[in-house]
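Good morning, and thank you for the time today.

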Amino acid sequence: MTEDGAGGATVALVESPVQLLNVLEWAYQGGTVIPLTVVVLPPTEPLSRGQLRRMAELARDDGLEVRWQEARGGAGPLRTLTGLARPLRRARRVVLGDPFSRYVQTLLTVVKAREVVVVDDGTATMEFTAQLARGERFVRWHRSGHGGGARGMLFAPVARRARRRLTPGTAADGASGTRVEVFTSMPVEDPPPGLKVTANEFAWTRSRFGPPSVGTATDLVGTSLVETGVVDHERYLAAVESLTRTYGATRYFAHRREQADKLRELHEHTGLEIVRPDLPLEIIARRGPIGRTIVSFPSTVVHTLPLALAGTGVKVAVCEVDPGWLTDTASPRAQGFLSSVAGAARERRGVDGLPVGPATATGWSSGAGAAPAASV
């Protein structure tokens, strides 16, 4: 993206593989958006970076310009803000993958576009629209909601300005005057006035991949609930073991943030094949092979996989998180939010609900046989 050529362009800011996937879905579903430049602001975590590089290749194959911007560590933040300031000021439309990101909120301070699109960053989209409707400051659902100490206080003016930029309205309303669209596969309850909500049907994924070969076994989908401090480590592993035994699961698709030690321990006690996907699971499942049944805890995939796998005969099921799993430090909002994710998937996507039985496990099964260590 050249500074001279950025006028009137659409610029997308993404920090995760799922965000980039949903930029592609948005561009495909709305017709070709030219020129569209995707600015990738990669995290430091290796698996996320690997998936982002693969997604960047797919985006380039689709004719999008992709700019890889190392934005973290050292002089990265200042260099990124300086390098993107003029293109962002001149952009006609800006597409965001994560409105909660402080990095993105900082970049929003230089954006002058009156059209902003927020694409899915998973279940966080549900919380974003709810907080926008209630007039609350943006806080991720799994966090306590406190101010974040001195650092949070220093950042507060930037956060308030970002919130105004993401509030739909007109200048006469005293709001930003921004036209705001949310492109999502997640349910949006009672959106604020003026917010345009467009359903993401995963049309791009279905057009590019599959249909997959479907086996007879059950696949499990992992989550980062332990890594984010929401669910107790031992309770989570015990529940996975119970699900494996009860539903005959053979594979476990790991979340990109799951720790290798946890996955190794999980494999040793269950014998599950641990799969580290190199692309978002919606694409992996669509390419196949995939199990006849996919079981997940409440997460984004219980909403997205039924769309990506429509017409394949694959069934998706969700296992609720029992309150006894939660850590002492989990956000007070965690249980209600996870329940809403699962309930909405059952009601809107026809996802099967599993008995809460696995959640009654109170610790790691001491009698489980050890399997050879997995390569995770």
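This is a predicted model: local features need pLDDT of at least 70, side-chain atom pairs count only at pLDDT 80 or more; totals for chains, interfaces and linings use all residues.

What percentage of the 376 residues in the protein do buried residues make up? The figure is 54%. Two stretches call for caution. Across residues 170-174 the pLDDT is below 50, and this stretch has three contacts in the model beyond near neighbours in sequence. Residues 358-376 also have a pLDDT below 50, with 42 contacts in the model beyond near neighbours in sequence.

Let me turn to the overall architecture. The protein contains 12 helices and 13 strands. If we take contacts between residues at least 6 apart in sequence, 71% of them join residues at least 24 apart. The accessible surface is about 15,600 Å², and carbon and sulfur atoms account for 51% of that area.

One helix illustrates the buried part of the protein. In helix α11, residues 301-308, seven of the eight residues are buried, so the helix is largely enclosed by the rest of the structure. Among these buried residues are V301, H303 and L307. What do the buried residues of α11 pack against? Their partners include α7 (203-208), β8 (218-221) and α12 (334-349).

I now come to the charged side chains. The structure has 16 salt bridges. One of them joins E127 and R333, at 2.4 Å from N to O. E127 belongs to helix α5 and R333 to the loop between β12 and α12, so this pair ties together parts 206 residues apart in sequence. E127 is buried, with a relative accessible area of 8%, whereas R333 is partly exposed at 29%.

A second salt bridge connects D219 with R251, whose closest N and O atoms are 2.8 Å apart. D219 lies in strand β8 and R251 in strand β9, 32 residues apart. Here D219 is buried at 2% relative accessible area, and R251 is buried at 17%.

A third, between R54 and E57, has its closest N and O atoms 3.7 Å apart. These two residues stand three apart in helix α2, and are thus separated by about one helical turn. R54 and E57 also belong to a network of salt bridges with D278 and R287.

Finally, the aromatic residues. There are six aromatic pairs in the structure. W204 and F209 form an edge-to-face pair, because their ring centres are 5.8 Å apart and their planes meet at 75°. Both W204 and F209 are buried. Elsewhere, F100, F128 and F138 make up one aromatic cluster. Thank you for your attention.

Methods: Residues are numbered from 1 along each chain as its sequence is written. Side-chain values use heavy atoms; hydrogens and water are left out. Rings of Phe, Tyr and Trp (its six-membered ring) pair if their centres lie within 6.5 Å; planes under 30 degrees apart count as stacked, over 60 as edge-to-face and the rest as tilted. Buried means under 20% relative accessible area, exposed over 50%, partly exposed in between (1.4 Å probe, protein chains only). Helices (H or I, at least four residues) and strands (E, at least two) are DSSP runs, numbered from the N terminus. Contact means heavy atoms within 4.5 Å. Accessible areas come from the Shrake-Rupley method with a 1.4 Å probe; for residues, only the protein chains shown count as cover. pLDDT is the predictor's confidence in each residue, from 0 to 100. A salt bridge is a side-chain nitrogen of Lys or Arg within 4 Å of a carboxyl oxygen of Asp or Glu.
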